[in-house]
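Keep the sequence and the 3D view side by side.

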Amino acid sequence: LSTCATAIDGLDSITIGPGDLSLAMTGNVDMNHLDVKLEIENIIGVARAASVFVGAGQGPDVEFAQLQFERGVQWLQAGDDIGFALNGIRDFRTKL
């Protein structure tokens, strides 16, 4: 990551997908796993050191959002693909 953060000309921002990262690292969606927490903090540190904005995706969890900001994330995508899809389906069904 440190090489990518400095080697890609014009890179403005990176996005952390905490759920995807935890699944890739542990085989489960466990964003509280110690190794996942440490890797998230590492990614944020590397990006910030390279003057690259860092953001994160997440579900609608205010406590997790606050934790991400405390870690140094500069922007959040609040909501997730499954949540958006389910809300879209519910909205569609109510209109039928």
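R71 counts as buried, at 14% relative accessibility. The cut-off for that label is under 20%. Keep in mind that this is a predicted model. What does the side chain of R71 meet in a salt bridge? The partner is E41, with N and O 3.6 Å apart. E41 itself is partly exposed, at 41% relative accessible area. The pair links distant parts of the chain. E41 sits in helix α3 and R71 in helix α4, 30 residues apart.

Now look at α4 as a whole. This helix covers residues 62-71. Which of its residues are buried? They are F64, A65, Q68 and R71. Viewed down the axis of α4, these buried residues fall within an arc of 120 degrees, so they line one face of the helix. An α-helix has 3.6 residues a turn, so residues three or four places apart point the same way. Turn the model to see the face of α4 that points away from its buried side. That face carries the exposed residues V62, E63 and E70. The cover over the buried residues of α4 includes α2 (18-26), α3, β2 and β3 (75-78).

Both ends of α4 deserve a look. D61 caps the N-terminal end. One of its side-chain oxygens lies 3.1 Å from the backbone nitrogen of E63. After α4 comes G72, with a positive phi near 120 degrees.

Next, follow the strands. Strand β2 is one of the elements that cover the buried side of α4. Five of the six residues of β2 are buried, so the strand is largely enclosed by the rest of the structure. β2 pairs with β1 through four bridges, and these two strands run parallel. Here I14 stands opposite V54 of β2. Four bridges also join β2 to β3, again in parallel. In that pairing, A56 has L76 of β3 as its bridge partner.

Leaving out residues up to four places away in sequence, what does V54 touch? Its contacts are S13, I14, I16, I44, A47, R48, G72, V73, Q74 and W75.

From V54, step into the largest nonpolar core. This core has 12 residues: I14, I16, L21, V36, I40, I43, I44, A47, V52, V54, A56 and V73. Which elements give two or more residues to it? They are β1 (13-16), α3 (34-49) and β2 (53-58). The largest share, five residues, comes from α3.

Is K95 buried or exposed? K95 is exposed, with a relative accessible area of 63%. D91 is partly exposed, at 39%.

How values were computed:
Residues are numbered from 1 along each chain as its sequence is written. This is a predicted model: local features need pLDDT of at least 70, side-chain atom pairs count only at pLDDT 80 or more; totals for chains, interfaces and linings use all residues. Side-chain values use heavy atoms; hydrogens and water are left out. A nonpolar core is a set of buried Ala, Val, Leu, Ile, Met, Phe, Trp, Tyr and Cys residues joined through side-chain atoms within 4.5 Å. Buried means under 20% relative accessible area, exposed over 50%, partly exposed in between (1.4 Å probe, protein chains only). Contact means heavy atoms within 4.5 Å. The arc is that of the directions from the helix axis to the C-beta atoms. A polar contact is a pair of N or O atoms within 3.5 Å; within protein, one must be able to donate a hydrogen and the other to accept it, and residues adjacent in sequence count only if both atoms are side-chain atoms. A salt bridge is a side-chain nitrogen of Lys or Arg within 4 Å of a carboxyl oxygen of Asp or Glu. Two strands pair if DSSP finds at least two bridges between them.
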